[in-house]
Amino acid sequence: MVVYKARLPNFLTPLRVDDYTSLYRPPVAECAEFEVELIELPPHTTSYHPAVLPCGAILLLLRSGMTPESVILTAQSSATEGVQESPLDLKEGAVVFTAARQEVSITAGAEGATFYRAHVNLSDK
């Protein structure tokens, strides 16, 4: 059973991963369960590849353009006959699960895109 105790929040200073990604990693003693990345893509970003993770992750598309194909996510997975790509045309509010060690490519349209990606706290990895 998970038990939480209420107290004043500990505001995190983000760690800059690359030009587009900030990582909010809480201390393991306070939250060993997960950490969150903020991915902010400028307009017309083509083929951004966030870091490949050793664990599954959940991507939430918070903001994007309202035109068709404003954000395209392509996940590569190994199949018995080689690598297969599965492009998804995403809209605001979309939630996508990505498997461990899965390479992902994101293309943002004219209005850019903002994602959150949550996964296991990797501070001890």
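At 57% relative accessibility, His44 counts as exposed. This residue of the predicted model is found in the loop between β3 and β4. The phi angle of His44 is near 60°, a positive value in a residue other than glycine. Most residues other than glycine have a negative phi. Ser47 is placed in the loop between β3 and β4 as well, and Ser47 has a positive phi of about 55° although it is not a glycine. With a relative accessibility of 39%, Ser47 counts as partly exposed.

## Overall architecture and confidence

The secondary structure of the chain comes to zero helices and nine strands. Read from the N terminus on, the elements therefore follow the order β-β-β-β-β-β-β-β-β. Of the 125 residues of the chain, 34% count as buried. Among the contacts with a separation of 6 or more, 69% are made by residues 24 or more positions apart.

The mean pLDDT of the chain is 82, and 86% of its residues reach 70 or more. Confidence is highest in strand β2 (residues 21-24), at a mean of 95, and lowest in strand β5 (residues 71-79), at a mean of 65. Where pLDDT is low, the predicted coordinates should not be read in detail.

## The nonpolar core

The largest nonpolar core has 16 residues. Those with the most contacts inside this core are Leu61, Val71, Leu73, Leu90, Ile106 and Phe115. At least two residues of the core are supplied by each of β3 (35-41), β4, β5, β8 (103-108) and β9 (113-119).

Leaving aside residues up to four places away in sequence, Leu61 touches Val71, Leu90, Lys91, Glu92, Gly93, Ala94, Ala113, Thr114 and Phe115.

Leu59 has its place in strand β4 (residues 57-64). Is Leu59 buried or exposed? Its relative accessible area is 3%, and the limit for a buried residue is under 20%, so Leu59 is buried. Not counting residues up to four places away in sequence, Leu59 is in contact with Ile39, Leu73, Ala94, Val95, Val96, Thr98, Phe115, Tyr116 and Arg117.

Ser64 and Glu111 are 47 residues apart in sequence and 6.1 Å apart in space, C-alpha to C-alpha.

Thr98, a contact partner of Leu59, lies in strand β7 (residues 95-98). At 5% relative accessibility, Thr98 counts as buried. Apart from residues up to four places away in sequence, Thr98 touches Gly56, Ala57, Leu59 and Val104.

The table sets out the accessibility of the individual residues discussed above.

| Residue | Relative accessibility | Class |
|---|---|---|
| Leu59 | 3% | buried |
| Thr98 | 5% | buried |
| Ser47 | 39% | partly exposed |
| His44 | 57% | exposed |

## Cavity and pocket

Rolling a probe the size of a water molecule over the atoms shows where empty space is left. How many cavities of 30 Å³ or more are counted? The count comes to one. About 60 Å³ of space lies in the largest cavity. Its lining consists of Pro50, Ala51, Val52, Leu53, Cys55, Thr98, Ala99, Gln102, Glu103, Val104 and Arg117. These lining residues divide into seven nonpolar, two polar and two charged. Thr98 and Val104, both part of this lining, also touch each other. Arg117, another residue of the lining, is a contact partner of Leu59.

The largest pocket has a volume of about 590 Å³. It is lined by 21 residues, of which Tyr4, Arg7, Pro26, Glu30 and Cys31 lie nearest its centre. The lining of the largest pocket divides into 15 nonpolar residues, one polar residue and five charged residues.

Definitions and conventions. Residues numbered from 1 in each chain as written. Predicted model: local features only at pLDDT ≥ 70, side-chain atom pairs only at ≥ 80, totals over all residues. Heavy atoms only, no water. 1 Å grid on protein atoms, 1.4 Å probe; cavity = no way out; pocket = protein on both sides within 12 Å on 5 of 7 lines; lining within 4 Å. Points joined across faces, edges and corners; volume = space filled by probe spheres on them. Nonpolar A, V, L, I, M, F, W, Y, C, P; charged D, E, K, R; others polar. Helix = DSSP H or I, 4+ residues; strand = E, 2+ residues; numbered from the N terminus. Buried < 20%, exposed > 50% of the residue type's maximum accessible area, 1.4 Å probe, protein only. Contact = heavy atoms within 4.5 Å. pLDDT = per-residue confidence, 0-100. Core = buried A, V, L, I, M, F, W, Y, C linked by side-chain atoms within 4.5 Å.
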